[in-house]
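Below is a short briefing on the charged pairs and the chain contact in one model. It is meant to be read alongside the structure.

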Amino acid sequence: MASIESYVDHLVQVILYDGRIIVGKLKGYDPRTNLILADSVEREYSTDQGVEMIPLGLYMIKGDNVALVAELDEEKDSTIDYTEVKAEPLGEIHH
Amino acid sequence: MNIKIQDSTHSTRYIDIYITQRTFDASQLFIMLIFSFFKTLTDQVITVELKNDLSITGTLKSVDQFLNIRLDGISVEDPERHPHMLAVKNCFIRGSVVRYVRMAARSVDTTLLEDATRREAKEAKK
């Protein structure tokens, strides 16, 4: 597998098929990209207000829904003021 | 694969199953070829366009049999429109969401690739 081994116990940002973004600590995964995230938070982007952080807690995401897993630079992430970031939410995956 | 069984006699069914099997093997072979091709691009800078219109440029670090892609040192094509990846340094893209992969023309030996695909097609026909 193109290796998300190095992401384990790191803060990751997962983009789902429906465009949702979930950030959490990666606790486990398997070859089907099923993921376990601890202390996860959904980041809801919108154009009329800053990013809304919705706490979700421990989450298991089925691999079919995962589009992308990215490692967050925690230092850089903490310097961004997300209450000021406005953007259109990501679109769904269209085949 | 959408295979219709048109009538319920045994012979028809047999043919259908045979075709399914054959198509499956051919597509498997093809994926193996593309997989090997992507492996030759390791450590090159490529741009991956996702099926949600996000385009990500980065160095290809690894690829697997599902054509999942691991990119390092990434940047997004339109950071104004997509600030979602600002704090991201590397990412793992699921093969199923890749629409296009763009690479420099010089990193592809088209003649070699053409020959290989023809050989695969020939193999699949056997």
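A:Arg20 and A:Asp18 form a salt bridge between their side chains, at 3.1 Å from N to O; a salt bridge here is a side-chain nitrogen of Lys or Arg within 4 Å of a carboxyl oxygen of Asp or Glu. This is a predicted model, in which local features need pLDDT of at least 70 and side-chain atom pairs count only at pLDDT 80 or more, while totals for chains, interfaces and linings use all residues. Residues are numbered from 1 along each chain as its sequence is written, chains are lettered from A and ligands numbered from 1 in the order in which they are written, and side-chain values use heavy atoms, with hydrogens and water left out.

**Salt bridges**

- A:Arg20 is partly exposed at 36% relative accessibility, and A:Asp18 is partly exposed at 38% (buried is under 20% relative accessible area, exposed over 50%, partly exposed in between, with a 1.4 Å probe and protein chains only).
- Over all chains, the whole structure has 13 salt bridges.
- A:Asp9 and A:Lys27 are joined by a salt bridge of 2.8 Å, N to O. This pair links distant parts of the chain, 18 residues apart: A:Asp9 lies in the segment before strand 1 of chain A and A:Lys27 in strand 2 (residues 21–29). (Strands are DSSP runs of E, at least two residues, and helices runs of H or I, at least four, numbered from the N terminus.)
- A:Asp9 has a relative accessible area of 45% and A:Lys27 one of 44%.
- In chain B, the closest N and O atoms of the salt bridge between B:Arg70 and B:Asp72 are 3.5 Å apart; B:Arg70 is buried, at 10% relative accessibility.
- A network of salt bridges links B:Glu49, B:Asp53, B:Glu77, B:Arg99 and B:Arg102.

**Contact between chains A and B**

- Chain A brings 38 residues to the contact and chain B 28 residues (contact means heavy atoms within 4.5 Å).
- The number of salt bridges between chain A and chain B is zero.
- Strand 1 (11–16), strand 5 (66–72) and helix 1 (74–79) of chain A each supply at least two residues of the side that touches chain B. Strand 5 of chain A gives the largest share, seven residues.

**Strand 5 of chain A**

- Five bridges join strand 5 of chain A to strand 4 (residues 88–93) of chain B, running antiparallel (strands pair if DSSP finds at least two bridges between them).
- A:Val69 has B:Phe92 as its bridge partner in strand 4 of chain B.
- Strand 1 of chain A is also joined to strand 5 of chain A by five bridges, antiparallel, with A:Gln13 opposite A:Ala70.
- Seven of the seven residues of strand 5 of chain A are buried, so this strand is largely enclosed by the rest of the structure.
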